[in-house]
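I opened this model to look up a few things and noted each one as I went. The entries follow in the order I made them.

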Amino acid sequence: MFWTTLIGGLIATASTGVALGAALGLTGLIILYFFSNGATSLAVDAIWSVFNSFTLSAVPMFILLGEILLRSGISEKAYSAFSPLFRKIPGGLLHTNIAVCTLFGAVSGSSLSTAAAVGSVAYPEMSKRGYDKDTVVGSLAGGGTLGLLIPPSLSFLIFGALTETSIGRLFAAGIIPGLLVGSLFMVYLLVKCLRNPGLAPRDVAQSSLLETLAGFKQIWPLLALIFAVIGSIVGGLATPTEAAGIGVVLAIFICSLWGDLTFRKLVEAIYQSVLLFSAVGFLVLGATILAQSVSVLGVPQQILGAVAESGLGTHMVLLMVVLIYLILGCFFDGLSLMIMTLPVVFPLLTGLGFDPIWIGVVITIVIEIGQITPPVGLNLSVLTALTNNEVSLGRVATATIPYWIIHLFTILILTLFPVLALFLPNLLF
């Protein structure tokens, strides 16, 4: 009866066209009312507890930080600084796309912002130079996903807030896997361009080592911003909220002097940040109510008991969870999917003995795949728009298939060698 109500309530509320947050919240209230003797007041207490969390207050600040950087034009400076570094390597500017996405992801915290900021600079330049357009947008869509894994990450912030897991440890855990994914992207592009040199015309221009290093003088303000935000959190000097506030102030100062941030663009950034956090906050509200309802009824414990009785191994359960995320990722954006599923998935995986920090990294990688999976894949839509529909959504989706295979391969590596995700958190904390 409970499962019929849960699934039926979700389908009924979602099919009415209401926002996903409302669908989740209404379903949770229905369950509390009919299965917990009308204890809907528990939902109010849970909402107050989550939204009164100091950790969650960092989310709007990091969203604002990403929006400011997106509108400041500094991605162009970063791109010009990295371009000479990969000039002589097969693939050329394709590697620059990955490197700049990694750098931009280290301050934006958003996959969408990273893909948009780097793509707006890279696509016109690379099209003009004769690069294969499908390969270009594939590298940008794949590279953009690094914005969710490289700290600071909105995914880690929300995961930490909802599961009461250390944000600092999550940020530290994302560094090595993020660099690993970026390196695998570059290896793939290198092999692809060695097999088909016509995809990426070689740049005949010559530049000395000193000229290449001199180009990095352009991006020292961005590196200083990264160090101030991530270094203060990982070093234990500031909480995520304090570091985000410092980052916003520094970003306004740096982007006004070093970029082309104007007062009007700052207002636009604030406005878009309010809209985005409102959407995220509404999702968190609905998911909190649903989480409270399933928790009160002991659903996670029931699922864990059923898994134990089924005789399935822990890694087989993990594989099932990953497959479910891959399927749901076709229909929900990454953050929505994570918020919606954490109430069940997190206690299930921790109950099987998986480390909470490791779970946060793996779930973030899985929802990254959703960012480049049609029909919802937001990175695909952004890049299709950036190309003025020169590259269709279907072509972009096809070009990104190797990148989500690399993500899955990374999950396999982390499963075999969890120390890759846990080494830095254990060392620093």
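**Entry: a backbone angle.** I started with Glu164, which takes a positive phi of about 55° just after helix α10. I work from a predicted model, where local features need pLDDT of at least 70, side-chain atom pairs count only at pLDDT 80 or more, and totals for chains, interfaces and linings use all residues. Residues are numbered from 1 along each chain as its sequence is written, and side-chain values use heavy atoms, with hydrogens and water left out.

**Entry: helix α10.** Helix α10 covers residues 154-163, and nine of its 10 residues are buried, so it is largely enclosed by the rest of the structure. I take buried as under 20% relative accessible area, exposed as over 50%, and partly exposed as in between (1.4 Å probe, protein chains only). The buried residues of α10 are Leu154, Ser155, Phe156, Leu157, Ile158, Phe159, Gly160, Ala161 and Thr163.

**Entry: the whole chain.** I counted secondary structure next: 23 helices and zero strands. Helices (H or I, at least four residues) and strands (E, at least two) are DSSP runs, numbered from the N terminus. Of the 429 residues, 53% count as buried. I then checked contacts, meaning heavy atoms within 4.5 Å. Among contacts with a separation of 6 or more, residues 24 or more positions apart account for 80%. The accessible surface comes to about 17900 Å², and 70% of it belongs to carbon and sulfur atoms. Such areas come from the Shrake-Rupley method with a 1.4 Å probe; for residues, only the protein chains shown count as cover.

**Entry: salt bridges.** How many salt bridges does the count come to? I find two. The rule asks for a side-chain nitrogen of Lys or Arg within 4 Å of a carboxyl oxygen of Asp or Glu.

Asp134 pairs with Arg395, with the closest N and O atoms 2.6 Å apart. This pair links distant parts of the chain: Asp134 is in helix α8 (residues 133-144) and Arg395 in helix α21 (residues 393-399), 261 residues apart. Asp134 is partly exposed at 22% relative accessibility. Arg395 is partly exposed at 36%.

Arg264 pairs with Glu268, with the closest N and O atoms 3.8 Å apart. Both lie in helix α15 (residues 263-296), four residues apart, about one turn of the helix. Arg264 is exposed, with a relative accessible area of 66%. Glu268 is partly exposed at 34%.

**Entry: a nonpolar patch.** I found a nonpolar surface patch of about 910 Å², made by Phe409, Leu412, Leu416, Phe417, Val419, Phe423, Leu427, Leu428 and Phe429. Patch residues have over 30% relative accessible area and no salt bridge; like charges are joined within 9 Å, nonpolar side chains (Val, Leu, Ile, Met, Phe, Trp, Tyr) within 5 Å. Helices α22 (401-416) and α23 (419-428) each supply at least two of the residues. The largest share, four residues, comes from α23. Phe423 is found in α23 and is partly exposed at 45% relative accessibility.

**Entry: cysteines.** I searched the whole structure for disulfides and found zero. The criterion is a pair of cysteine sulfur atoms within 2.5 Å. I looked up two cysteines as well. Cys101 is buried at 0% relative accessibility. Cys193 is buried too, with a relative accessible area of 4%.
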